[in-house]
Amino acid sequence: PADSEVVLQVEAVRKQFGGLVAVNDVSFEMRAGQIMGLIGPNGAGKSTTFNLITGVLSLTSGRVQYRGETISGLSSREIAKRGISRSFQHVKMIPDMTVLENVALGAHLRGHRGALSAMLRLDRAEEQRLLREAAQQLRRVGMGDRMHELAGNLAMGPQRLLEIARALCGDPALLLLDEPAAGLRYKEKQALATVLRQLREEGLSILLVEHDMDLVMQVCDRMVVMEFGTRLMEGTPPEVQQSPAVRAAYLGT
Ligand code: ADP
Ligand code: MG
């Protein structure tokens, strides 16, 4: 909804890596229950922006607010606890564990520092709780009937859904997805689009980095276009599609 609560405010956010300005004073805001697309060519600064919002990287300058509270400067763990979750551009899973175990383990590791110590400290009740939550989130993304398969046997589409189920553990209100459709077949993309719309329907806000224009145009309420670290424009999918600047810079027409 266009008049819903502002969940995320990215304010003049900047990240320099030495002499390279990867994100150059970028600002945008997101409203609750919307899917916001973040697009732009390779190297535009999209993943870095994700890393700044989620506290994986520290900001050079600027500020990020979540539901009116400053979150920039907090640890990634603190930020996750407040209700922001993310998937990564490259899926990491353990191929000879089941889908269910992968989701449960991923959810568990999110809250802990060392993977090994975290696993050793896991008690039985906590393990059961994690498995229950993992099953619930897998059902939410339409993977309820594949929980006991080995993760290594999954095609790319279901792997991405596994990754989203993992990010959903802990019931975040804001989900950041980094290129969830990369390498997917047409049907897998359609399944993904259905899941994203369903999550929006349930009230989640989603920030989506994605190269696949069809998917972005189909599911996003609004979009931010980045180029060379800067914000080129922000608007609805039709506004972005019709923008001469965007066509020139990104769509190549
Ligand atoms: P995108 O996700 O839009 O493809 P990135 O945010 O990954 O772009 O990268 C933006 C720019 O920042 C690129 O030039 C990239 O090489 C650079 N960059 C990203 N991460 C680092 C890093 N940890 N150290 C140095 N440069 C980086
Ligand atoms: Mg990226």
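Helices here are DSSP runs of H or I with at least four residues, and they are numbered from the N terminus. With that in hand, look at ligand 1 in this predicted model: α1 gives the largest share of its shell, three residues. Helix α1 spans 46-53, and both α1 and β2 supply at least two residues each to that shell. The residues around ligand 1 are F17, L20, A22, G40, N42, G43, A44, G45, K46, S47 and T48.

Strand β2 turns up again in an open sheet of four strands, ordered β2-β1-β4-β5 with antiparallel pairing. The edges belong to β2 and β5, each with a single partner strand, so one side of each has no neighbour in the sheet. At the β5 end, two bridges tie β4 to β5, and Y66 has E69 in β5 as its bridge partner.

Here are the strands whose residue ranges matter for that picture:

| Strand | Residues |
|---|---|
| β2 | 20-31 |
| β4 | 61-66 |
| β5 | 69-70 |

Now for the inside. Which members of the largest nonpolar core touch the most other members? They are M36, V103, A165, I206 and L208, out of 65 residues in that core. Domain 1 (1-83 + 172-253) and domain 2 (91-171) both contribute residues, so the core lies between them. Take A165 as one example: leaving aside residues up to four places away in sequence, A165 touches V103, Q137, L138, R140, V141 and M143.

How confident is the predictor? The protein's average pLDDT is 91, with 91% of the residues scoring at least 70. For the complex, the predictor gives an ipTM of 0.98 and a pTM of 0.92.

Technical notes:
Residues numbered from 1 in each chain as written. Chains lettered and ligands numbered in written order. Predicted model: local features only at pLDDT ≥ 70, side-chain atom pairs only at ≥ 80, totals over all residues. Core = buried A, V, L, I, M, F, W, Y, C linked by C-beta atoms within 7 Å. Buried ≥ 20, exposed ≤ 12 C-beta atoms within 10 Å, placed from the backbone. Domains from an automatic or database assignment. Contact = placed C-beta atoms within 7 Å. Pairing = 2+ DSSP bridges. pLDDT = per-residue confidence, 0-100. Near = placed C-beta within 6 Å.
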